[in-house]
Amino acid sequence: MAFVIEKQATTTWLQKLLECGEVIAPVRGPCGDILFSSVHSPDQVAWDFQNPLSPPKQVVLPQTDPLIKITRNAGSYEVEPVYDDGRRFLFNVRSCDAKGIAFLTQMYEMEPADASYLRRARSLTIISLACNKPCPLGFCICSGSGPFLSEGYDVQLTDLGESYLVEVGSEKGEAAISGASNLFRSATEEEVSQRQRMEVEAKNHFEEETCHFASAMRRISTGRVQDALWEKMSDWCLECGACNMVCPTCYCFSVKDLSEDGTWIRCRIWDSCQYAAFTLEASGHNPRADRKQRMKRRFFHKVSAQYYQRDGVVGCVGCGRCIKVCLGSTDMPAVVGAIRKGKWNE
Amino acid sequence: MSAYPTTCPFCACGCGFYLLSNNGQLAGVAPSENHPVSGGKLCARGWSAHEATLWGDRLRRPLLRRNGKPEPVPWSEALDSITGRLQALISAGKPVGLLGSPRASNEENYLAAKFARAGLQTNNVDFSYHSTCRPLLSGIGDVYGDRTPTASISTIESCQTVLLVEGDLAKTHPRVASAVMKAVENGAHLITVGYRTTQMARLSSLHLSVLPGDEGEVITGLLAAVFDLQQQNRTPAAAVGGGYESFCQNVKNIKRTAELQQAAEWIVRAPRATFLLAVNGGHGDQSRKDAATFASLAAISGHPERPGSGLLLLLPRSNVRGACDMGSACGHLPGYVSFDDEKARQRLQQLWSKKLPSDRGWEAEELLQHVSGLIILADDPPSVVPMGQRAMAALEKIEFLAVLDAFVTPTIRAAHVALPIASFAETEGTLTNMEGRVQRLRAAANPPGEAKAGWQVLAELCSSFGVGDACSSTKDVLREITQAVPRYAAVEQLPKDDWGDVLLENSDNPDFQLDFTGSQGVAAPACAERPYVLVREGSFDWGRDPLVYYSPTLSRDYQSERKLFPNGFVEMSKRDADARNLSGGRRVRIASAHGDAIVPIQLRTDLKAGVVSVPYAFRDHLASVLGPDHATAVSIELP
Amino acid sequence: MNDAFLPEIARLVGVADETPDTKTFSLRFRDAHNGGNFHFLPGQFLELSVFGYGEGPFCIASSPTRPHTLEATVRRTGQLTGALHRLGPGEEVGIRGPFGNGFDVAGARGKDLLFVAGGIGLPPLRSLIWNVLDERSRFGKVTILYGARTPTDLVYKQELEEWGKRSDVELHVTVDVAQPGWTGNVGVVPSLFRKITLHPDSTLTYVCGPPIMIRITVHDLLGLGFKEEAVISTLERMMQCGIGKCNHCAIGHRYVCRDGPVFNCAQIKELVE
């Protein structure tokens, strides 16, 4: 079911959403960067922007995520979950990020499910903005994560020029529209065709249709990547963990108790498999003491057939963030390319 | 979800990022693509910058020690106690002093220095890291005066040649390592000098492997080789600098190897080059001379005059430069001008309306051992100064010790009065990075309990000693700084919002005075009875810095190491160990002319043969062996 | 859906010293009916919280045939275990679990069982051992080989005596280094193989201990004709969540907390580090 909303009307729509819950959208800040932030007025929302470096996964999986609260009463303890299930709208995320959140939800739904994450995810409505003009570093078509989505969205907006095409993909999406139904009209056939054409044009923007995930996957999954290649590549990694922090499909974490005035909040905090201490055991033994071992681990998780079979998707949405944030030069395309060629570009 | 742009508080690269907070509580970090230094990137420390503020053992209330136990007291009582005790000591003619901090802001360091010099009327003012970096600052200053052609981190990647005297750049300054990597990716020649085949060394076009203490010899050789090429090219730049005549004489006798000549080619032929010098903790005259030689090498290459080329002294901690510039440095006045600079003295006396004392004052390590009263700003000296735990013993003997900090440290536990101040994430202020870039800190959360902004507390202390009014905002402090330090004039224009920064006056046409008197190496080089050189590795222990120590993510490696090796360890080259049939974990007796110690060994394949290294964090366990040196010849035997 | 991170509160009902740095903690759920809901298999583990210090994975050392009290044997190695060691009876801790795959007890029926343990490797096997002994008639021969560095380092000293006295169990104990008064075997655990008759075809072997001991033992067993599928061990890794989400314990696409910690040698060989 497709609708259309005139561009001027989006202000009213956002107003309505703000009445229903928290609205988080890309906002241009004073230092010129775009960041996903809570908005209190529709004019804060950015519509023409490059995808922010800081990913919106933090809305469902915050970098510091309170899970349970522990209170002490004399010699006795009480524990209770920290509830965060207020209604939220994530507005103007890109296709890759919508796909990323869907991926994370799949991870956290796996038995045993994580109620804390799911409370947030289930009360979050994702309104994504398809990419008419793909970003320069993105490679979303390599994993079916963009530039347009065919499923896995609550609402998908496409910029038609004077208006947005509005595709509703779920009940939550319907609910996001229904509160302001007077702003939306049915899309015409021409408008729907226009959206299809735009998707094709957007895909043509990418230089190569085929991607290298498949061949890299074959080699990684059958242990055919030489140790010497991992070693060489790992010299170009500075273990900053940025790739994990900004990646929409990374979700490694540690659990630590934060003390707060006589109580403790047990928090989930983002972690990185690239950090030496990630697998460091209390005894001092570390099965991945070398950087090359940790790098191998990262790309096995992202690109192996074993994980692909388990999850049904490759662990990368092609958003291109790791290319921008990598302190070294070991971003996804570079490593996948090296694995395919069997050697590292220098 | 709110985002606050601020400057990274860890090393002196001065990256920027947004602190994220939810409902007033810090939650995480977001990178900034627009930031002039970090450009969207951050290292592991940056990504966890919010953690210590949240998870750390925070000082929440002023504490006064009564009957050996710290008791929470109101601010007024704590401040009165400090004022009273210090005045009593001063009246009794006992020496008092103050230590500024390489991790405190410019405003805090400035007010602290003013408090001590004008308020307490003492020049016993220093900061813990100063003695380590001063020789190199002086050495570079011997060549360039106060107009060092400082490189910008962002220009490194477009250089064709990079000369790096290590350190372990990938660990100490990841952002700089990143820029060097990009340069190498673009085809640049990287020349590394050091005793370890570090990550940077593996990426180099040429790694000049040297024993600790012999870096100067290599730099001197390189200098001579560059000189030869410049002679051939008849480059006018080489003739402009002072000291040229004596230089030409001295340089004749230096050995030029084929390797050095190749490196010199790369340096001279490159359109742009960067010269990176790590602070290796060698102290005294030798370090100074080596730094002067390094600066002379850069000067004679002709590069520093060119845009996109320059020198960088790799200071380890975020505000070492700021602490120097703000007057927290012994032997210097604000502006890091010489103590004897009469003009500067007059200016300050006028600004502060107080006459300044005329004796130089003690340096940090001496200060700790001799004062009767001491104020410490945001620092834990035993974890920073080379003398290590002996500094703690000295602190415990001080009659009156007051400490301002956000975090509980061992120094806080020795204090008679502890004042809680805001962490970097909870205060406004500025930091000066190693490029000379002054940038803002912005508060993203409120300090806990009754903690106050450090600058506020120091302004009150100043006022109670009759120096200036309690400042009402950091703007007031900044304005005063521009008057005390003319070089900081432009910082008043730092925009409120935005990644505005001010690059301190850099020179496009630096004058230089060639200074090269040759290298001497370590005091006690390897010999037949003591065939190895033991070196104290690095000059800074990140594991004990509160921003790392209290971060769950960052502290893991360090905690594990300390737990598994309560008596420390030394690293030995695997080749050397195999030749002696020594396996990893084996305890050995290491002995020098100064003394000996028994310690386990860890084997390393990246360590040059003949070198034994003790991490800076474990220097106390080898104190008897090292003596006053940072490197010395040793023998290794089974105990 | 239960909150996977929410612990149940349990009380220590007993603390027993095993060695100078190891204690066995006996626990009961504070809320009685939780005990009835807590069904576990030998080989599974708990995430135990010492409030104020954090949480850590510890194998369940008691058998599901004795469900009213849970037991965990813990060596003091750091902050969390240090804090646990300072607790006494009556004090409260948090429990999440049970996690992991556990031993295939049903699949072991009718077989001869060989238990080979070193040092602190005995606690994970003890859960299975007591399960077997409590249902003795369902299993074939039971042989237990156990060793530690010194006699002081042996855990479950009293139970070892009990097991040694049983006619339906063959027990051999050894130490690397004897101490005055020790009259038993001296030597590494694999040296005990020559004291017993091995039937590789009908025996399931369970090995647990320090990594190097496991390596040597497995090597010897395979050399003696045991099939990889019949040699079973438990793996240990740094863990945080216990529910297969945090990725700390992932080896390839297997998670020690979900696909393990019990693995046979064939499965271990396939793990992609």
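**Sheet pairing, chain fold and the A–B interface**

Strand 2 (residues 22-28) and strand 6 (residues 88-93) of chain A pair in the parallel sense over three bridges; pairing requires that DSSP find at least two bridges between two strands, and strands (E, at least two residues) and helices (H or I, at least four) are DSSP runs numbered from the N terminus. Val23(A) has Phe89(A) of strand 6 as its bridge partner. The model is predicted: local features need pLDDT of at least 70 and side-chain atom pairs count only at pLDDT 80 or more, while totals for chains, interfaces and linings use all residues. Residues are numbered from 1 along each chain as its sequence is written, and chains are lettered from A in the order in which they are written.

In total, 38 residues of chain A are in contact with 40 residues of chain B (C-beta atoms, placed from the backbone, within 7 Å).

Chain B contains 26 helices and 26 strands. Its C-alpha trace spans about 70 × 60 × 55 Å along the principal axes. Among contacts in chain B between residues at least 6 apart in sequence, 75% join residues at least 24 apart.

Notes: Two residues are in contact if their C-beta atoms, placed from the backbone, lie within 7 Å.
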